[in-house]
Amino acid sequence: MNEDFKAMLWGGAILLSAELLYWRLRRGLPGFRPRWLFHLWAALTATTAAVAVDSHLSTDHWTFKLAATAAILLGALIFFAILDAAVLGRPRATGLGPRVPKLVRDVLRILLLVAFFLVAATQVLGLQLSAVLVSSTVLSAVIGLALQDVLGNVFAGMALQLEQPFAAGDWLEIDGTLARVMEMTWRATRLRNNDGVDLIEPNASMAGARLVNYGSGEVPVGFNFHVGVSYSAPPAAVKAALCEAALQVRETATSPPPQAFVEGFGDHAVLYRMRVWTRAVSSSVIFRDAVYSRIWYQLQRRGLEIPFPIHTVHLHPSAAEPPQQEAAIESKARLLARIDLFKDFDPERLRRLAQQARRELYDHGEKLVREGEQGDSLFVVDTGRALVTRSGPTGATTAIELAVLGPGDFFGEMSLLTGEPRSATVSADGSCTVLVLAKDAMEPLVKEDPELAAALSRVLAARRLDLEHRLEDRRARGTHEQLATEASLLQRIRGFFKLG
Ligand code: CMP
């Protein structure tokens with residue numbers, strides 16, 4: 001057979017097989033990316049094979065050697081690309097990243113290229129292996145010394161990638177700073193803190209540092225809160241108050257629930273520790289602030305004192321105390337007098353009511369009354385505002401806003417007067433102070449004054465209608481219905497308070 005024809009046949013067959021292989025790979029391996037590189041490799045391989053087969057052509061010419069070396073190196077890259085798409089770079093079963101981290105794959109690619117280069121250098125370029133190795137050893141020593149730090153970081157990065165003590169998206173505490181892992185490069189790990197500032201931490205120092213990994217927020221983590229509470233407060237009551245305070249914070253996870261423990265007895269206070277779980281790992285400062293603030297309000301309302309580190313000095317009863325109490329009662333009575341419900345009360349009755357009223361402070365967002373819960377107290381807003389909301393129809397995620405109540409407004413009359421569960425949720429809109437009137441305080445008044453029951457039932461009926469309208473959008477109802485509601489409510493109020 002003619003030599004030229006044989007060479008062409010070989011070259012053509014190799015090119016055709018390579019292109020068929022390309023077509024197969026593109027269809028079968030979605031992660032296989034090389035395009036032009038593959039065609040270049042196919043063309044180079046086919047040409048060098050054709051030249052090698054054709055005995056008329058010399059394989060000693062430098063152009064042939066160069067082309068063959070290029071074909072071998074490109075072959076290494078193509079081989080690695082196939083391995084990468086088929087095995088190494090495939091997504092993990094968990095769906096989180098590839099099976100082998102990118103940094104490790106990059107290093108493997110370079111090692112493969114070096115191995116193929118050694119083959120090409122000895123087999124094609126005709127260099128002595130020992131000469132190549134010696135020169136490459138000397139070269140690596142020189143490069144190694146010059147790039148000591150960089151290589152240290154690269155290997156630390158590979159170790160981190162293999163061990164995976166953290167992943168992109170995790171929140172790490174490093175040297176007391178909380179920052180989120182953004183990406184890992186050959187040399188460094190890029191983190192971003194809550195001030196939006198990027199921290200570039202060399203991989204070697206990341207590998208050596210003591211890191212606290214809070215995760216990405218998918219799984220709750222526990223934060224500890226330390227509080228000292230007065231020796232006079234029973235631990236069970238304190239623990240209940242602490243857990244209730246934590247549960248008031250929106251970001252607190254309910255499972256696992258908050259847990260409080262007595263940790264010891266301090267100089268001025270019993271020391272408590274509470275562990276609260278949250279997914280809000282990114283805003284731990286805000287979360288801590290919210291929990292500590294709620295603890296203060298909750299303990300304050302329950303009369304549980306936080307004495308540490310303040311020295312509480314007990315004075316002997318002095319003349320200063322009664323006027324203070326007196327002033328508090330006066331101010332409560334003044335507030336009650338401003339309320340329509342009690343406007344006809346004579347000063348003595350108002351005073352009696354004020355004596356029984358408790359002043360409570362709430363932080364923004366705290367719930368004073370929860371829809372569906374049992375309750376038997378009436379609240380009068382003293383300062384600040386309270387927001388009345390109600391859950392929407394089944395399936396709706398947002399609550400319906402019913403009213404914003406300000407100083408002098410009252411709420412909680414529905415459950416107090418009828419014994420039914422709370423019809424709505426009322427939460428503090430900014431900090432707010434309220435007067436709380438328990439059923440025991442209201443009952444004698446309602447019994448004494450039938451007009452009070454009637455006045456209450458009027459407000460109650462109006463609010464209830466408003467509630468129904470908002471919920472069911474039945475605006476067509478008229479005064480008839482309001483009167484009917486009032487009458488039936490009055491009857492129920494009489495029944496509840498056992499009035500004649
Ligand atoms: P109660 O049901 O005891 O607890 C929730 C309180 O929200 C309720 O009493 C009322 O005082 C108040 N409330 C309910 N509906 C309205 C409304 N439409 N407008 C103003 N306040 C309301």
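The model is predicted, so I took local features only at pLDDT of at least 70 and side-chain atom pairs only at pLDDT 80 or more, while totals for chains, interfaces and linings use all residues. I number residues from 1 along each chain as its sequence is written, and side-chain values use heavy atoms, with hydrogens and water left out.

I looked up an open sheet of 3 strands and found the order 6-8-7 with antiparallel pairing. Strands (E, at least two residues) and helices (H or I, at least four) are DSSP runs numbered from the N terminus; two strands pair if DSSP finds at least two bridges between them. The edges are strand 6 (221-229) and strand 7 (259-265), each of which pairs on one side only. From one strand to the next, the twist averages 25°. I note that axes are lines fitted to C-alpha atoms, for helices over the stretch in contact, with angles from 0 to 180 degrees between N-to-C directions.

**Entry 2, pairings.** Strand 6 pairs with strand 8 (residues 270-278) over 9 antiparallel bridges. Within strand 8, tryptophan 277 is the bridge partner of glycine 222. Strand 7 and strand 8 are antiparallel over 6 bridges, and a hairpin of 4 residues joins them. Alanine 260 stands opposite methionine 274 in strand 8.

The axes of helix 2 (residues 36-53) and helix 3 (residues 62-88) come within 9 Å and cross at roughly 140°. The two helices are therefore oblique to each other; angles under 35 degrees count as roughly parallel, over 145 as roughly antiparallel, 65 to 115 as roughly perpendicular and the rest as oblique.

I found a cis peptide bond from serine 255 to proline 256, with omega near -5°. Proline 256 lies in the loop between helix 8 and strand 7. Aspartate 175, not a glycine, has a positive phi of about 50°. I located aspartate 175 in the loop between strand 1 (171-174) and strand 2 (177-184). Most residues other than glycine have a negative phi, and most peptide bonds are trans.
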